Amino acid sequence: MVKLSRRKFIGLAPIAFCSWPVFPRAATNLGLQLYSVRDEMNRDAAGTLKAVKEIGYGQVEHAGYWEGKFYGHPATAFRALLDGIGLEMVSGHVAIEASDYDEGSKEFGAKWREAVDSAATAGQRYLITPGFPEPWRKDRDTVLRYLEVLNRCGLLCKNSGVKFGYHNHTMEFERIYEGETLYDLILQHTDPLLVALQLDVGLLYAAGVSAQEMIRQHPGRFELMHVKDEFRKAGGGERGQGYESTVLGGGELKLAEIVKAGRETGGAKYFFVEQETFQGVPELECARKNYQFMKRLF
C-alpha cells in the first residue's frame, strides 16, 4: 500500500461537515451476510431466515435485491417477514452501475432511486455498493470525478435516512493510478460522513493486504466489516485468484486480532459473517459454526 496523503474533498465542501445521526450500538452487532446461505434463501427465504435466527444471529445483510424486491418480496412484505422472525436487516448490497448516474443532468436514475427507497422501507441503516463500475475506472481523472458521484450518492441516501457504503474486492488494490491504488483514492476522496467503508478482510487478504495494517493506518474509517477466513487453493478459488473461503478458524487469517482491531481501532459498528464456498458442508451448518466462532470473540 502506498502511504496516503491527507484526505481531499472534491466539489462537495458545502456538505463535508453535515451531521449524521448516531445509531445506538448493540452489545455485539453480529450479523450474517445472506450470500452465505444463498441457495437456502432462494429455495425458502422465510424458513432460512427463521433458521438463521435460531442459530443466534440478530442481524442480517442481504445480497438479494432484484427488480425492486428482496428475494422476491416487496420491501414492505420483506420487512414484515423479518420483524415477525425478530431479525433486523441492517444493511444490504446493491451494485451501483454506470447507467445509474446521468453525467449530463447530474441525476441518479429511477432504478437506483428505487433501490434507495426500498432500502429505507425495509429498515436498512446502510446501502452498500460492492464495486466501482468499470467505465468509471478509465484513468485517474475519471476515478476522481466518479468518487465525487459516490459522495453525492451518499447525500441522496442520507436524505432517505440510509447511509451509503462501499465494499471492497481485490480489484481496488490491483488498479494503480500514478502510484496510488484505487482504494487509496477511495479512502482519500470519499467523505466519511457520507460514504461508509465496509472492509472485507478475506478479499483484502486475497489481494495481499494486511487488514491489521489497513486499520492501523486509517483508524475509525471502517464502519462495517465482512469477517471471512481464507485458505490458499492454487489455480482456483472463488474468482480464480488462488484463495477460497472456509469456516471461520479453518483458514489462514488471524481473525481474533482483526476483529479486535476493527472494534477498538477501525470504528467497526457492525460485523457480518460471510462464507462463499463450503467444502461440501451445508450452508446453514457453516453459518452455525461461524456464529459459534464469532461469539467467542465477543
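What percentage of the 298 residues in the protein chain is buried?

**Figure 1. Overall fold of the predicted protein chain.** Buried residues account for 54% of the 298 residues in the protein chain, where buried means under 20% relative accessible area with a 1.4 Å probe, protein chains only. The chain holds eleven helices and 16 strands, taken as DSSP runs (helices H or I, at least four residues; strands E, at least two) numbered from the N terminus. Its radius of gyration is 18 Å, close to the 19 Å of the globule rule for 298 residues, so the chain is as compact as a globular protein of that length; the radius is taken over C-alpha atoms, and the rule is 2.2 Å times the number of residues to the power 0.38.

**Figure 2. Crossing of helices H5 and H7.** The axes of H5 (residues 140-158) and H7 (residues 182-189) come within 10 Å and cross at roughly 45 degrees. These axes are lines fitted to C-alpha atoms over the stretch in contact, with angles running from 0 to 180 degrees between N-to-C directions.

**Figure 3. Residues joining H5 and H7.** From H5, Arg140, Val143, Leu144, Leu147 and Asn151 meet Leu182, Leu185, Ile186 and His189 of H7, contact meaning heavy atoms within 4.5 Å.

**Notes.** Residues are numbered from 1 along each chain as its sequence is written, and side-chain values use heavy atoms, leaving out hydrogens and water. In this predicted model, local features need pLDDT of at least 70 and side-chain atom pairs count only at pLDDT 80 or more, whereas totals for chains, interfaces and linings use all residues.

Key:
Buried means under 20% relative accessible area, exposed over 50%, partly exposed in between (1.4 Å probe, protein chains only).
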